[in-house]
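Hello,

Here is the structure I promised to pass on. My notes on the strands and the salt bridges follow below.

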Amino acid sequence: MSLPELIEIVPLAKQVQAEITVPGSKSITNRALILAALSEGETTLRGALWSEDTQVMVEGLRALGFAVKVTDDPQDVCNRTIAIQGLGGRIPRAGTLEEPLELFVGNAGTAARFLTALVCLGHGLYRVHGFKRMHERPQAALFDALRELGYCIDSVNDRLPATIHGSGPRPGATCCVSIAESSQFASALLLCAKVAKWHVTVVGQNAEESPYVAMTSKLMEAFPTRSGEFQVEPDASSASYFWAASCVVPGGFWNPPRAAELSAASLAPEDLQAWRLSEFSSPGSMVTVAHWPKSNWQIDAAFVKYAELNPKLSSVSRCFHLGDSIMTLIAIAPLAQAPLKFVDLDRLRVQECERVTALRTELTGCGARVEEEGDTLFVYPSTLHGAEIQTYNDHRMAMCFAILGLTVPGIKIKNPACVKKTFPNFFQKLATPPPHGLGASVLDASTGRKLGVEELFAH
């Protein structure tokens, strides 16, 4: 049964004690799938995310001729165990000039960028295309770098759809790639560079320390190169919604607020590994995330530090502090006790939707005072009311505002099924009784009927 087109989140009326499991990291799963295909022999990924985005990647690898076996994961319905038969850099299938091999990537930016670089190692033609929004998203920096390496990329406007002329590894070829618009361009090249024998230089804002480029490098170091197993961590961005819930639900640590315990210095990345969520939980509601990763690969693992709202922290940056989870903090920011400033938001404009405008528009529609100056948002303490939330077919918009609905009456989410992109059972986690969920009521907004947990999976 499909989710209704419009659902309403009913605010929680009492404190909740819960320990939530979240699916595997999309970022790590997609990187691991590429590395496994490039390795020698069979690699098994455990705890891999199984959502629209990762299914697109798996289907792309299968279309290229890789043997991929997918089996259920007993720990989470949205995870899978995935075994990939790597061929040491060989791409089994290719198309011709008359009939390029078609790779459909939907709206999956990671798959679009990673597969584009991967098929350069093949011998033949490949056409990469997706949905309309994917055709609007930037690709030029990646295409330019691949051309610099010696590959032919045909594209009318340096966006998708594009035809890639694969010509195999190019030992000694060099390129320079900018991550000003997306770190995925650099990650796509770095994942293939060892097998392709490329030399890749990364430039752009914070190029040397970009968290997602660093994740790629660290993952490559830890990944088995000749058969073996790899455990995928839970997704920190997905976990941020439940950390946010622990802020705003009755008895949460924003409700009432308490003094921050962190100094500005303790927000440094090297201090993050010492952190444990229990240190920041209030004696009232307590929402924790099970099996939290210890690798410190994911920038969004720092979400709770920034949710503590240290008064010495003047702003929160999309480049230096948080990744996608900055959207979660922006969505609940009107409930804070002081204005919050969010900076370096330019990349949010070129993702699944124009997220800066979307956040400002939908929060304003709920009664929030939000000011936009360049790539900065100022969010002020506000008295909020219910509204119908346009999600723009963006999974993160749906999940962010659903958390707001746990405390603000009348929040209704349009097209809630868009969460299937990364977290198909998100609404089930909201509705499942504690301790494995929050026990929230989710209604069919058109009828007022309470939806059963089994009706809340996003297909």
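Two strands pair if DSSP finds at least two bridges between them. Helices (H or I, at least four residues) and strands (E, at least two) are DSSP runs, numbered from the N terminus.

This is a predicted model: local features need pLDDT of at least 70, side-chain atom pairs need 80 or more, and totals for chains, interfaces and linings use all residues. Residues are numbered from 1 along each chain as its sequence is written, and side-chain values use heavy atoms, without hydrogens or water.

First, the sheet. Strands S7 (residues 123-129) and S9 (residues 162-167) run antiparallel and are joined by six bridges. Arg127 has Thr163 in S9 as its bridge partner. Both strands belong to an open sheet of four, ordered S6-S7-S9-S8, with mixed pairing. S6 (101-104) and S8 (152-154) are the edge strands, each pairing on one side only.

Next, the salt bridges (a side-chain nitrogen of Lys or Arg within 4 Å of a carboxyl oxygen of Asp or Glu). The count is 24. Asp53 bridges to Lys26, with the closest N and O atoms 3.3 Å apart. Asp53 lies in helix H2 (residues 52-63) and Lys26 in helix H1 (residues 26-38), so the pair ties together parts 27 residues apart in sequence. Buried means under 20% relative accessible area, exposed over 50%, partly exposed in between (1.4 Å probe, protein chains only). Asp53 is buried at 2%. Lys26 is buried at 10%.

Glu455 and Arg449 form another salt bridge, at 2.9 Å between the closest N and O atoms. Glu455 is buried at 8%, whereas Arg449 is partly exposed at 41%.

Best wishes
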